[in-house]
4 protein chains.
Amino acid sequence: MSDHVAPFTERDVQPGSGVEGVAASSRRAVLRGFSGAGLAGAAALAARGSARAQEATPEAGEGGTLSTQDISLEQAQAIIAAALEKAAEIGTKMDVAVVDAGANLKAFARMDGAWLGSIDIAIKKARTARFFDFPTGVLGELSQPGGPLYQIEVSNGGLITFPGGLPLKAADGTVIGAIGVSGSTVEDDAEVAEAGAAAIG
Amino acid sequence: MSDHVAPFTERDVQPGSGVEGVAASSRRAVLRGFSGAGLAGAAALAARGSARAQEATPEAGEGGTLSTQDISLEQAQAIIAAALEKAAEIGTKMDVAVVDAGANLKAFARMDGAWLGSIDIAIKKARTARFFDFPTGVLGELSQPGGPLYQIEVSNGGLITFPGGLPLKAADGTVIGAIGVSGSTVEDDAEVAEAGAAAIG
Amino acid sequence: MSDHVAPFTERDVQPGSGVEGVAASSRRAVLRGFSGAGLAGAAALAARGSARAQEATPEAGEGGTLSTQDISLEQAQAIIAAALEKAAEIGTKMDVAVVDAGANLKAFARMDGAWLGSIDIAIKKARTARFFDFPTGVLGELSQPGGPLYQIEVSNGGLITFPGGLPLKAADGTVIGAIGVSGSTVEDDAEVAEAGAAAIG
Amino acid sequence: MSDHVAPFTERDVQPGSGVEGVAASSRRAVLRGFSGAGLAGAAALAARGSARAQEATPEAGEGGTLSTQDISLEQAQAIIAAALEKAAEIGTKMDVAVVDAGANLKAFARMDGAWLGSIDIAIKKARTARFFDFPTGVLGELSQPGGPLYQIEVSNGGLITFPGGLPLKAADGTVIGAIGVSGSTVEDDAEVAEAGAAAIG
């Protein structure tokens, strides 16, 4: 899936393109994990998220191929079980999706009575989180009108950029997949996604 | 992992961002079924709709299956007839769609001279209302720039988040489908949708 | 207006056209729930499946709504577990999807190393089986060149009409969902789907 | 919608294109309503259907515009009612769609317990019948492997070319819309479509 994704680099921000409030330099900083300037709140969060996203890079193994890691079905099912447990605990009904390192669906569960519209959103949140190795909510802050990633949602067959999607990482920081949760407020969605992600060890 | 999550809270609703009348606190209340304040029009409906949406939960029946309810064609046709009557009464030409509990089309009618573009919008409004068991206009308030559900419209093959779609409920509060109306102003659309929904008993 | 209609009858099934084992007369029987002859494998399943598909009809409940049943998440997860067990037993790697009565995704699992392309196929098989309350392979026999449902695959956003999708039924015959399996030969897919479906009780 | 349709003319049949058994000249004859040669069964039917399809042509009215006719909602609802009555009479559960002269949805009804997958098929049958002013089954005979319209189903967002779709005509032969029926055997579908079409007067 990665070759379908157009990485956003500095050259993409055209002078006079309507990008306001986040200059290219600070945007690059955000994406690199160091916020150069007074991007309060959201962007600071973004920076931290981004920093982690860059922790691990695939390395060349024998024969020049890349040695990678990927999520197992056992892990994915444990993540979903933990998410469902948290959802029940806080009295919500959730749709929970897990995608693998290739952003392809690995496991999914919809609680009885959970929103039908959240099937697609949970899956899209998980895919979005893996596409860019960010929590979905970080992208949502950058995709607002005037933001550097304005309208990024129309790419990749539809992204969801509000909270509830999180990258899933191996012990060494390698992103091995992502979880997406939808079914309540975005705060609840994010809380349940965190509970699911925590199950990875 | 909590620092990966950037939940949207009240600070994310920018002044002048187009989000009006629904602060984060009241939004959460809306989603939980308690309207905190003077949300006029669509939002008032939303609060009520939401409250009802939580009333009924599918219960386990024989053999572990869920016992549910669904809209009948007779009901759907009565709803459309009532909507068409109201539309004629207020001098508008409408497209009216009814979907069932699974968000699948049950019945549809387009008045002579009504907009062709409203065929898809009426159906999408009905599906959107069933997808989340909310009036469509409530989603539209939450999906504005800076809102917690910004760009949700790109999900589910396209959502319509302005007024004119309403969940349809059985006597015990179970959502058994939804109506979607399009063809005039959103105020007219919503009025006709309400008239249709009222026919369910 | 009768001369405008060209109903397909037995003559339309050309010898050597690829339609085997299902003549028009037995096809009609299949659709009505009576298998006329020695239709092996999928078709035998089809006949039984079809017979059951006609067993239950939604009935009017309180307030004129239909009283129906739907699959629970607990059932869906038990079905997937049984399917995965069978897949491991016969040494295959499968994608397994379960949809509810409304043909909406309820649960999904992809075994480690299973085909990526089978994600979509497993889901489409499950949806196809629920769309028509038939095993998918039965449709495939009818959709061959010269068959009565030729090219039905272009409908509903893409159907999969080879074996591996089965309706799921409550004790009284009500269709409460469907399972779709993809990842190996269609014979293996069908065997795993049957093992999953058997878990429903 | 007509400008979306690529009319099939003689030049479209390339020598060596794989079109076998129906020479260009006889194909043109079919499309014009006179079968020149030994096209048994299907093509003869096609010819008759085609002949009728050409009965009425829009004529220039005042100011050079075309004077046309279109189906009314009242007519569409009467057609659906007649179709539903016939469906009940023969013990089937049907999805019934009516489109207008522009091939846009005018009215729709799905009987309780009718196939979910037939929603799309009924609508596509109606659209297909209006797109070419033919009963759908006629197109299906011409779209078989080796036929002159092979794979036409992939055009127009998906056509359905088996029986159950019929053009609807005013007293003077003008095509004012079409009906599409799906939910049982194609023979049953066609019978119900005829009953619906007969209600137009």
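Modeller: Two strands pair if DSSP finds at least two bridges between them. Helices (H or I, at least four residues) and strands (E, at least two) are DSSP runs, numbered from the N terminus. This is a predicted model, in which local features need pLDDT of at least 70, side-chain atom pairs count only at pLDDT 80 or more, and totals for chains, interfaces and linings use all residues. Residues are numbered from 1 along each chain as its sequence is written, chains are lettered from A and ligands numbered from 1 in the order in which they are written, and side-chain values use heavy atoms, with hydrogens and water left out.

Colleague: How many bridges join β5(C) to β6 of chain C?

Modeller: Five bridges join β5(C) to β6 (residues 175-182), and the two strands run antiparallel. One bridge pair is C:Lys169 with C:Val175, the latter in β6(C).

Colleague: In what order do the strands of the open sheet come?

Modeller: The eight strands follow the order β5(A)-β6(A)-β3(A)-β4(A)-β4(C)-β3(C)-β6(C)-β5(C), with antiparallel pairing. At the edges are β5 (165-169) of chain A and β5 (165-169) of chain C, each of which pairs on one side only. On average, neighbouring strands are turned by 20 degrees against each other, direction ignored. Axes here are lines fitted to C-alpha atoms, for helices over the stretch in contact, and angles run from 0 to 180 degrees between N-to-C directions.

Colleague: And what does helix α3 of chain C lie across?

Modeller: Helix α3 (residues 73-89) of chain C lies across β4 of chain A together with β3 (95-100), β4, β5 and β6 of chain C. Its direction is at about 25 degrees to β4(C).

Colleague: Which residue forms a salt bridge with B:Asp100?

Modeller: The partner is D:Arg110, with the closest N and O atoms 2.9 Å apart. This pair crosses between chains, from β3 (residues 95-100) of chain B to β4 (residues 105-110) of chain D. B:Asp100 counts as buried at 5% relative accessibility, and D:Arg110 is buried too, at 3%.

Colleague: Where does B:Glu89 stand, buried or exposed?

Modeller: B:Glu89 is exposed, with a relative accessible area of 59%. B:Glu89 forms a salt bridge with B:Lys86, the closest N and O atoms being 3.3 Å apart. The two are three residues apart in helix α3 (residues 73-89) of chain B, so about one helical turn separates them. In chain A, a network of salt bridges links A:Lys86, A:Glu89 and A:Glu191.

Technical notes
Contact = heavy atoms within 4.5 Å. Salt bridge = Lys/Arg side-chain N within 4 Å of Asp/Glu carboxyl O. Buried < 20%, exposed > 50% of the residue type's maximum accessible area, 1.4 Å probe, protein only.
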